[in-house]
Amino acid sequence: MQWQTSRFAIGLDRPRVMGIVNVTPDSFSDGGRWFASTRTALEHCEQLVREGADILDIGGESTRPGIPPVPLEEEKARVLPVLREAVKFGVPVSVDTYKPEVMREALDLGADIINDVWALRRPGALDAVAAHPSCGVCLMHMHGEPMTMQRSPMAGDAVPQVRDFLHERSEALRRRGVSATRIAWDPGIGFGKTVEQNFALLARQRELLRDGYPLLAGWSRKSSLGAVTGEPVHERVAASVAAALLAVDKGAAIVRVHDVRETVAALKVWSATQAALGGQAGTTTT
Ligand code: HH2
C-alpha cells in the first residue's frame, strides 16, 4: 500500500514515523521550544530527520483544550517560513492546519500533505485540497472543538462513530474527485473523547481499517497516557513509545510522535519480529 502525496508516494510496507514540529508558544507538551525563530524550528526539523522521521508535520496552532484560535496571518507567519525550507530536506512535509487559506499557500510552497484535525469541515477546506492534483490528506476525527471538547466528550461507543464520521468525510472528498490513495484516517486520540474511549480506539483499532485507508495514530504524550501511568507530560516518553508500538501492531501505518529516536528504535524491533515471521518488514520505498 502507498499514500500518495504531492511529491512522494509513501510506501507503507513498513510503519512510518511522522515527527511533530510545533511552531507554537503554547502546545501542550513542547509549547515555545521551537517557536523562537524559523532557524530554531528548522534545526528541530533537521534533528527529527536525522533521528529517522519519515514525514515532518509542521503546525502553527495548538489544539490544546481551551486554547483560543490563532489569527490567520499569525499562523501563516509561524508556519510558512519553516515550510519553505523544510521541503528541501528530502522527506514529505505535512502541514497541520484547518484553515483553507493556509492549506492553499502551503500547497503552493510544496507541502506534501494537509493534516486537518477538523477533517476538512471548515468552509473552503475540501475545495482547497481537491484543487490540488496530488497532495495527501489526513482526516482526523474530533468531537466538538478544541476550546470545549474535553468538557463535553462524546457519548457511547466511539469506534463505530469515528468510523462512520471518517467514512463520510472521505466520501465528501472523493465526490470532489480526490482519489482514495491520497487519503489517510486518524481516530483523533484525545479530541473530545474519554480515556476509556481512547483506549477502546486502540484496542479495537482494526475496526477502522476495513475501509482500506491507511491509519495514522497520534498518542504522543497525550493525557490518556498520563491517566494510566500517573506521569506528567514530559515523562510520558516510554508510555508514548508503548502506545505507538501497540498502534502499529494493531495496523496503524503511520505514527505521529514527538520522540522520534525512541519510536524509530522501538519500531525496528517490531519490524525485525515481523521479518522473522516472514513478513514484509525492513524495506524502504519512500
Ligand atoms: N494531535 C495533535 C495535533 N494534531 N493531528 C493528527 N492527525 N493527529 C493527532 O493526534 C494530532 C494532530 C495534538 O498534539 P500536539 O501537536 O503535540 O499538541 P498541540 O496541538 O498542543 O500543538
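User: Where in the chain is the place of Arg221?

Analyst: In this predicted model, Arg221 sits in the loop between β9 and α7 (223-229), where helices (H or I, at least four residues) and strands (E, at least two) are DSSP runs numbered from the N terminus. Residues are numbered from 1 along each chain as its sequence is written, and side-chain values use heavy atoms, with hydrogens and water left out. Since the model is predicted, local features need pLDDT of at least 70 and side-chain atom pairs count only at pLDDT 80 or more, while totals for chains, interfaces and linings use all residues.

User: Why does Arg221 count as buried?

Analyst: The relative accessibility of Arg221 is 10%, and buried means under 20% relative accessible area (exposed is over 50%, partly exposed in between, with a 1.4 Å probe and protein chains only), so Arg221 counts as buried. Its phi, near 60°, is positive although the residue is not glycine.

User: Which other residue, in the loop between β6 and α4, can be judged in this way?

Analyst: Leu120 is found in that loop, between β6 (113-116) and α4 (125-130), and its phi is likewise a positive value near 60° in a residue other than glycine. Most residues other than glycine have a negative phi. With 1% relative accessibility, Leu120 counts as buried.

User: What makes a set of residues a nonpolar core, and how many residues has the largest one?

Analyst: The term stands for a set of buried Ala, Val, Leu, Ile, Met, Phe, Trp, Tyr and Cys residues joined through side-chain atoms within 4.5 Å. The largest such set here has 67 residues, and Ile58, Leu83, Leu120 and Leu173 are those with the most contacts inside it. Helix α5 (residues 158-175) gives the most to this core, contributing seven residues. With contact meaning heavy atoms within 4.5 Å, and leaving aside neighbours within four places in sequence, Leu173 touches Leu120, Leu126, Val129, Val137, Leu139, Val178 and Ile183. A second, separate core of twelve residues includes Met18, Ile113, Ala184 and Ala253.

User: Why is strand β3 described as largely enclosed by the rest of the structure?

Analyst: Seven of the seven residues of β3 (residues 16-22) are buried, so the strand is largely enclosed. In a regular strand the side chains alternate between the two faces of the sheet. In β3 both faces are covered, with Arg16, Met18, Ile20 and Asn22 buried on one side and Val17, Gly19 and Val21 buried on the other. Strand β4 is also mostly covered, five of its five residues being buried, with Ile55, Asp57 and Gly59 on one side and Leu56 and Ile58 on the other.

User: Which strands pair with β3, and over how many bridges?

Analyst: Two strands pair if DSSP finds at least two bridges between them. Strand β3 has four bridges to the parallel strand β10 (residues 254-257), and five to β4 (residues 55-59), also in the parallel sense, so both strands meet the definition of pairing. The partner of Gly19 in β10 is Val257, whereas in β4 Met18 has Ile55 and Ile20 has Asp57. Strands β4 and β5 pair in the parallel sense over four bridges, and Gly59 stands opposite Asp96 in β5. The chain passes from β4 through α2 to β5 in a right-handed β-α-β crossover, a term used if, with the strands pointing away from the viewer, the path from the first strand over the helix to the second runs clockwise.

User: Why do β8 and β9 stand at the edges of the sheet?

Analyst: Eight strands form an open sheet in the order β8-β7-β6-β5-β4-β3-β10-β9, with parallel pairing. Each of β8 (183-186) and β9 (216-217) has a single partner strand, so one side of each is left without a neighbour in the sheet.

User: What is the pLDDT over residues 281-286?

Analyst: On a scale from 0 to 100, pLDDT is the predictor's confidence in each residue. The chain averages 95, and 97% of the residues score at least 70. Over residues 281-286, however, the value is below 50, although the stretch has 19 contacts in the model beyond near neighbours in sequence. Where pLDDT is low, the predicted coordinates should not be read in detail.
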